[in-house]
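Please keep the sequence and coordinates at hand while reading.

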Amino acid sequence: MSNSINPIIPVGYDIAWTLFSVLVIALTVVALVSMARTAKRLTSAQAMIWALVTIFVPVVGPLAWLSIGRRSGLAQVQPNTDL
């Protein structure tokens, strides 16, 4: 018998790419859900730009929203408490 590779069993890099793809999709979904929850705090143009960046820039877009975008939306809504 020859030492052949079984095509049914995935190779290590197939597993790694699958896990990476699942993580990227999960990160994008989490960012979009977070964006939908804070959409009232953003203008429509800001929400559109953040959504497009999150979808079309795979890892950097969702991470940028989760680290920068949520804070900028919160800062715009907070009322001025100085009297």
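Thr54 has its place in helix 2 of this predicted model, and with a relative accessibility of 0% it counts as buried, because the cut-off for that class is under 20%. Setting aside residues up to four places away in sequence, Thr54 touches Thr28, Ala31, Leu32, Met35, Gly61, Pro62 and Trp65.

Phe56 is also found in helix 2, yet this residue counts as exposed, because its relative accessibility is 64% and the cut-off is over 50%. Between Phe56 and Thr28, which are 28 residues apart in sequence, the C-alpha to C-alpha distance is 9.9 Å.

| Residue | Relative accessibility | Class |
|---|---|---|
| Thr54 | 0% | buried |
| Phe56 | 64% | exposed |

How many residues does helix 2 have, and how far does it reach from its first C-alpha to its last? Helix 2 has 13 residues and reaches 18 Å, which is close to the 18 Å expected at 1.5 Å a residue. Buried in this helix are Trp50, Ala51 and Thr54; seen down the helix axis, the buried residues fall within an arc of 100°, so they line one face of helix 2. As a general point, an α-helix has 3.6 residues a turn, so residues three or four places apart point the same way. The face of helix 2 turned away from the buried side carries exposed residues, namely Met48, Ile49 and Phe56.

Two of the buried residues of helix 2, Trp50 and Ala51, also belong to the largest nonpolar core, whose seven residues are Ala31, Met35, Leu42, Trp50, Ala51, Ala64 and Trp65. At least two residues of this core are supplied by each of helix 1 (12–37), helix 2 (44–56) and helix 3 (60–77). Trp50 itself, leaving aside its neighbours within four places in sequence, is in contact with Met35, Gly61, Ala64, Trp65 and Gly69.

Turning to the chain as a whole, the secondary structure of the protein chain comes to three helices and zero strands, with the elements running α-α-α from the N terminus on. Of its 83 residues, 19% count as buried, while the accessible surface comes to about 6,700 Å², of which 70% belongs to carbon and sulfur atoms. Among the contacts in the protein chain with a separation of 6 or more, 60% are accounted for by residues 24 or more positions apart.

Methods
Residues numbered from 1 in each chain as written. Predicted model: local features only at pLDDT ≥ 70, side-chain atom pairs only at ≥ 80, totals over all residues. Heavy atoms only, no water. Core = buried A, V, L, I, M, F, W, Y, C linked by side-chain atoms within 4.5 Å. Buried < 20%, exposed > 50% of the residue type's maximum accessible area, 1.4 Å probe, protein only. Helix = DSSP H or I, 4+ residues; strand = E, 2+ residues; numbered from the N terminus. Contact = heavy atoms within 4.5 Å. Expected span 1.5 Å × (residues − 1). Arc of directions from axis to C-beta. Areas by Shrake-Rupley, 256 points an atom, 1.4 Å probe, with all protein chains shown as cover.
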